[in-house]
Amino acid sequence: MDFSGDAKLVKLNNKKGFSIPLVVSLALFLAIITYALQVFTAQSAKNIHYTVDLKKAEYIAEAGLKRAASFIGATAFESRIYKNVASFSFGYTNNYSENYGDGKYNVTIVDIPAIISNFGIDLRPCEYQGVFLWASGSYRNATRFILARYIPSAGTLPIFKYKKTINSNEEYEYFNIEIN
Amino acid sequence: MPHIKTVSNKKGFSLTEILLAILIFAITVTPLIQLFIQSTREAESASDYYQAHHLLTIEMEKLKSLSSLYPDVFKKSFPQKSKYTKTSGKYSCVVTINPEFEMKVASAYDGSTLEVMLTEIAAEASWTMTSGRTQKLVYNTTLD
């Protein structure tokens, strides 16, 4: 290598402005890394919050379902009674919404026997098909749906019973449908 | 010695350049540090929420199971409005059970008021983040 004075001068000139491009490159690199980290963290946090909100919405939907079922029980499964009730407006197909906790539930009651009897078939209300309850609970952006079928049994009627899995041998069916 | 003269002329330039570089770096990195701190807080908050959610879900599901499987035991355990507290690490859970919640509905037959007794459950977890901020998460539901 040539270590003469001219060669040194050439080397020094080549180093002119070296640290600024270096620091700009470094800053850019850090910015990209930090931004990527932030996006990743924000997405993870959003997912966790959504999971929590979804659970909250599920409890709200369950509350709506239990309340509706309790009123069906209180009215002795007589759809003609709860057809035009003031607070809960049940009937053939009725819908009820209420704010609950920090969220809101919406319950739709479909009384299949009542619909059948309306067409002239002599069935006691709720006796065979039961009452279908469709509840949704919502909290912030999360919504949880629950569909339940309530069939009264003989003797002391439980207000509401359900299982989380569909079983054809059981009287009560319950399942969750999760959207998003 | 023309090359020595040239080197002398550049005396101090590196320092200015470095100072300028530090300035640019500081200006660029300061918001990045803030972003990083914000990300760390978000991650901590999310983790805390998930822990709280886990603790509350356990309490809620225990009560739901007890009410569903052993209603008599549930009634004996919570005959009236009651509250219990559980602490796990930095999380403090307060569970309120109100078995005497009344909902009213008017009969379509005669307009008389029908009353339904329901059990309301509210489970609240509260905790303090490392930043000193207090957070809380509440789950509410109704049992039959």
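This is a predicted model: local features need pLDDT of at least 70, side-chain atom pairs count only at pLDDT 80 or more; totals for chains, interfaces and linings use all residues.

Now select chain A and read along its sequence, where the pattern is α-α-α-β-β-α-β-β-β, with 4 helices and 5 strands. Chain A has 180 residues, of which 35% count as buried, and 54% of its contacts between residues at least 6 apart in sequence join residues at least 24 apart.

Before going further, colour both chains by pLDDT. Chain B averages 85, with 85% of its residues scoring at least 70, while the mean for chain A is 66, with 48% of its residues at 70 or more. Then select residues 153-180 of chain A, over which pLDDT stays under 50 and for which the model has 37 contacts beyond four places in sequence. For the complex, the predictor gives an ipTM of 0.81 and a pTM of 0.73.

The next stop is the nonpolar core. Select Ile60(A), Leu65(A), Leu133(A), Ala135(A) and Leu56(B), which are the residues with the most contacts inside the largest nonpolar core, a set of 44 residues. The elements giving two or more residues to this core are, in chain A, helix H2 (19-74) and strands S2 (103-111), S3 (131-139) and S4 (142-150), and, in chain B, helix H2 (13-69) and strands S2 (91-106), S3 and S4. H2(A) gives the most, with 12 residues. In soluble globular proteins, nonpolar side chains tend to be buried together.

Stay with Leu56(B) and display its surroundings. Which residues is Leu56(B) in contact with, once its neighbours within four places in sequence are left aside? They are Cys93(B), Ala123(B), Ala125(B), Leu137(B) and Tyr139(B).

From there, select residues 113-128 and 134-143 of chain B, which are strands S3 and S4; these run antiparallel and are joined by 10 bridges. Two pairs can be picked out along this pairing: Ala122(B) has Asn140(B) as its bridge partner in S4(B), and Glu120(B) has Thr142(B) as its bridge partner in S4(B). The hairpin of S3(B) and S4(B) has 5 residues between the strands, and in it Gly132(B) takes a positive phi near 95°.

Move along S3 of chain B to Met117(B), which has its place in that strand. Is Met117(B) buried or partly exposed? Met117(B) is partly exposed, because 13 other C-beta atoms lie within 10 Å, whereas a buried residue would need 20 or more. Leaving aside its neighbours within four places in sequence, Met117(B) is in contact with Glu100(B) and Glu102(B).

For the last stop, return to chain A and select the loop between S3 and S4, where Arg140(A) is found. Although Arg140(A) is not a glycine, this residue has a positive phi of about 50°. Arg140(A) counts as partly exposed, because 14 other C-beta atoms lie within 10 Å. Asn141(A) is found in the loop between S3 and S4 of chain A as well, and this residue is exposed, because 12 other C-beta atoms lie within 10 Å, a count that meets the limit of 12 or fewer. Finally, label the distance from Asn141(A) to Leu65(A), which is 20 Å from C-alpha to C-alpha for residues 76 apart in sequence; Leu65(A) is one of the residues with the most contacts inside the largest nonpolar core.

Methods:
Residues are numbered from 1 along each chain as its sequence is written. Chains are lettered from A and ligands numbered from 1 in the order in which they are written. Two strands pair if DSSP finds at least two bridges between them. pLDDT is the predictor's confidence in each residue, from 0 to 100. Two residues are in contact if their C-beta atoms, placed from the backbone, lie within 7 Å. A nonpolar core is a set of buried Ala, Val, Leu, Ile, Met, Phe, Trp, Tyr and Cys residues joined through C-beta atoms within 7 Å.
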